[in-house]
Amino acid sequence: MVQRSSSSTSSAESMTMDLSPKRPSKTYGGDGGAYCDWSPSDLPMLRAASIGAAKLSLAAGGLALPSYSDSAKVAYVLQGKGTCGLVLPEATAEKLIPVKEGDALALPFGVVTWWHNTHAAATDLVVLFLGDTSKGHTPGRFTNMQLTGSTGIFTGFSTEFVGRAWDLPQDAAAKLVSSQAGAGIVKLKDGQRMPEPSDKDREGMVLNCLEAPLDVDIKNGGRVVVLNTQNLPLVKEVGLGADLVRIDGHSMCSPGFSCDSAYQVTYIVRGSGRVQVVGIDGTRVLETRAEGGCLFIVPRFFVVSKIADETGMEWFSIITTPNPVFSHLAGRTSVWKAISPAVLEASFNTTPDMEKLFRSKRLDSEIFFAPTSN
């Protein structure tokens, strides 16, 4: 489990923070695409939870240059298809992973990656990154270390050091380091070939959340695929769990909370709906409408619920533990179904008849509630 800093913001302080969903801002890019991220100054809960969030968008022919990060991450392909080149620590060869919409990858510390969208691509390749920044340079924000380009690591070394490192004449070393003028993302020339990805390299590295067996499937309600150590072992090294949730039009996600002190970081993939979050002393700390492209964070132990608009809603979340545990306050698995009738009656200060009515509802529904005609 990811260890949180002792300076993390308390739940009481979270009550006063702006928890409303936010969109990212462009950090760098050009003809080849753009890298955008969410800033802790715009979304303070990122700093409080030591979580980073960013989005890479590559145009046709775009290449995100090789880099590594100060943070462990989960990557989720929101759109398109392409190639992820990945080199694990101490590996002697890279993995050339074909990626497509719905793919989730766990990226532990020390991994070097590059991303490419082919010239023939009909759409941009868009990848979401969510991860733990508790060991990073800036709490709440990823720092990516570029290996090449105008902001690359080796531009900071003298030609003597570069030449000695690679056993090159100093003039050749200087030319090699300075030839790539792009920073972070470039667009390849027409006809410039890249290595072909291999389906074999997907094994153990990727889980497609749109094709994986469903962990929850409720008719007219919603579906869930959970990313954990069982279906993607590298999740353990990253220290984060994740899930993809899709609920149908006007369906409701049961009020619930993470009962192992984890934060929930949610990116709305598509659709829209209403969100309410309740914190300490029964205070509603968030009442909003969330739309595709927005990100928000639920503080530890706070209770969240969502109701989709007519078109439904889909979101991808990370939870700051590799095998999250949730407690739901409504539905068949609600804690209220386990509590003694007399205790429930006394707790609500209600009548036996009302207690029986309360307990008789939601006997078949679990987590998601389809709309009713009432």
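Accessible areas here come from the Shrake-Rupley method with a 1.4 Å probe. On that basis the chain, a predicted model, exposes about 17700 Å², and carbon and sulfur atoms supply 52% of this area.

**Whole chain.** Start with a surface view, then switch to the C-alpha trace. Along its principal axes the trace spans about 90 × 40 × 30 Å.

**Cartoon.** Colour by secondary structure next: the chain has 23 strands and eight helices. Then display the contacts between residues with a separation of 6 or more; 74% of them join residues 24 or more positions apart.

**Burial.** Colour by relative accessibility. Of the 374 residues, 49% count as buried.

**Charges.** Select the charged side chains, 35 positive and 38 negative. The centres of the two sets lie 2 Å apart.

**Cysteines.** How many disulfides does the structure hold? The count is zero.

- Select Cys 209 together with Cys 84. The closest cysteine sulfur to that of Cys 209 is in Cys 84, 15 Å away, which is too far for a bond, since a disulfide needs sulfur atoms within 2.5 Å. Cys 209 has 1% relative accessibility and so counts as buried.
- Select Cys 294 together with Cys 36. Here the closest cysteine sulfur to that of Cys 294 is the one in Cys 36, 13 Å away and again too far for a bond. Cys 294 counts as buried because its relative accessibility is 9%, and the cut-off is under 20%.

How values were computed
Residues are numbered from 1 along each chain as its sequence is written. This is a predicted model: local features need pLDDT of at least 70, side-chain atom pairs count only at pLDDT 80 or more; totals for chains, interfaces and linings use all residues. Side-chain values use heavy atoms; hydrogens and water are left out. Helices (H or I, at least four residues) and strands (E, at least two) are DSSP runs, numbered from the N terminus. Buried means under 20% relative accessible area, exposed over 50%, partly exposed in between (1.4 Å probe, protein chains only). Contact means heavy atoms within 4.5 Å. Lys and Arg count as positive and Asp and Glu as negative; His and the chain ends are not counted. The place of a charge is taken as NZ of Lys, CZ of Arg, CG of Asp or CD of Glu.
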